[in-house]
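Dear colleague,

I am handing over the structure we spoke about, and below it you will find notes on what turned up. Please read them with the structure open beside you.

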Amino acid sequence: MYLLQVAICSVGVLLVAGHPSDKLKRTKRQDTDFKCPGADGLFADPESCKKFYICSAYYPFAQNCPSSLYFDDVKKFCTRKTKQLKCGPVEPPPATAAPTADPLAAPPCDPSICVLPECYCSADATRIPGGLEKSETPLMVLLSFDGAVNSLNFDHYLKLLTKNRTNPNGCPIKGTFFVSHEYTSHFHLQKFYADGHEVAVHSISNRYPEEWWATASYNEYAEEMVGQREIIHKFANISREELLGMRAPFLHPGGDPMMQMAFDYDFLYDSSVIASMSHTPVWPYTLDYKISHKCMQGTCPTRSYPGLWEIPLNTLFSEDGTGGMCSLADQCVFHENDDESVQQFLEDNFNRHYNVNRAPLGLYFHVNWFNDRNKTKVLLNFIDNILAKHKDVYFVTMQQLIHWMRNPTKTTSLNSFAPWACEKRESPCGIPKTCEVVLEMGEGYKEQRYMQTCAKCPAKYPWVGNFEGSVEGIKIADLTRAAAEEDEAESK
């Protein structure tokens, strides 16, 4: 389901159009009789399910949901009309008692103990690592793509990730693919990996309801995330040592159970935590200490996971509020063919990160963005202009970012910074196999699936609880238990 995620805005506007032939423009909205129920937040219009208000310091700014979408006052975003839609104002839930203090809660950041390369934190997560000045620090732009990779979106992404677009060191720009298993062509995924892009984990099933991920157990996350790492390793021929990152589906992180799983199974980083709207963006940090910025989702980890990096998603927004606010760029919504607003949105976010503290700029996408020719054209022009004008801006993978975080290097020395050097990897096979296999999901449900890979076809479609796609199937939990028993036996 396509969702629009928006949040509190400090400046609001209403897109208005005059005569049908007039060009869309942004103007400050007029006074309204609506009274904000709270100082800041998003609130449903009492008369129309397609309208809502962004309140800032008790001042309301009217917003309209895009065509065919309706504002859900519980979820606080515009969504399609379903039986679950909560239209109109909804009373907030009653206040609950404060939770009991967790004796294992992570302590506040202590920079005297937390030192690079293995640990990094700062009081508010906005400090540049390594004591560098802003002028000495490159702006790292993170392009990521969530979901399946296949023949339907391969060419869309390739238009952006062409080898002709190069960083100031002469190497092609890079991106990170957070890959879910269902509908993925491991042949096309392997091609992106061969071109030097990073592949990370986004679960096997990407299952609904979205809220499931916030409450999933340790073992459920292990089956989804570690299972997906094994599937990519086996069918896209990518080493486990290269599959180091993960992102929770729908950006609903599973709190401490999810992070404990990531820590135990040797993931290097997570990128699921959303940082609230701020004119000073936050830098990545390790989870040795308490998260020092506001967590938007409410299911962020509270305990310590030494050396596990969090690459937070800074909230994207235009300075005038156009498009709303979003953590994934395609979730901000613009009027059709309003190229000027999209361009301004991208420039506002770039300028904020570049001019304030050089915190990495994340431009994160689903394929939705690239299905819109106008948005794609604006994005490509935007990136080309940056590469032409700035010799201190690099488009890097999440792993390349962490390499830099561990060893902060001045812009003037990046031509010889080894982790960002051009890299040649082994190409996939010329002609992949198209495997016709059965997906079994329990209770007798079966469905025919097709799966492209350069590897041997599995007996069944790989899935949760059967990552190998074998006849009988084996779970990650069973493998882990067997390995632990074997280690224990050897130690005796």
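Both faces of strand S9 are covered, since Leu139, Val141, Leu143 and Phe145 on one side and Met140, Leu142, Ser144 and Asp146 on the other are all buried, where buried means under 20% relative accessible area with a 1.4 Å probe, protein chains only. Strands here are DSSP E runs of at least two residues, and helices are H or I runs of at least four, numbered from the N terminus. In a regular strand the side chains alternate between the two faces of the sheet.

This is a predicted model, in which local features need pLDDT of at least 70 and side-chain atom pairs count only at pLDDT 80 or more, while totals for chains, interfaces and linings use all residues. Residues are numbered from 1 along each chain as its sequence is written, and side-chain values use heavy atoms, with hydrogens and water left out.

S9 runs parallel to strand S20 (residues 361–365), to which five bridges join it, and also to strand S21 (residues 393–396), with four bridges; strands count as paired if DSSP finds at least two bridges between them. Phe145 has Phe365 as its bridge partner in S20 and stands opposite Phe177 in S10, whereas Met140 faces Tyr394 in S21.

Turning to His197, this residue sits in the loop between helix H2 (186–194) and strand S11 (198–201), and it counts as buried because its relative accessibility is 2%. The side chain of His197 comes to 3.2 Å from the backbone nitrogen of Gly175.

Key:
Buried < 20%, exposed > 50% of the residue type's maximum accessible area, 1.4 Å probe, protein only. Polar contact = N/O pair within 3.5 Å; in protein donor to acceptor, adjacent residues only side chain to side chain.
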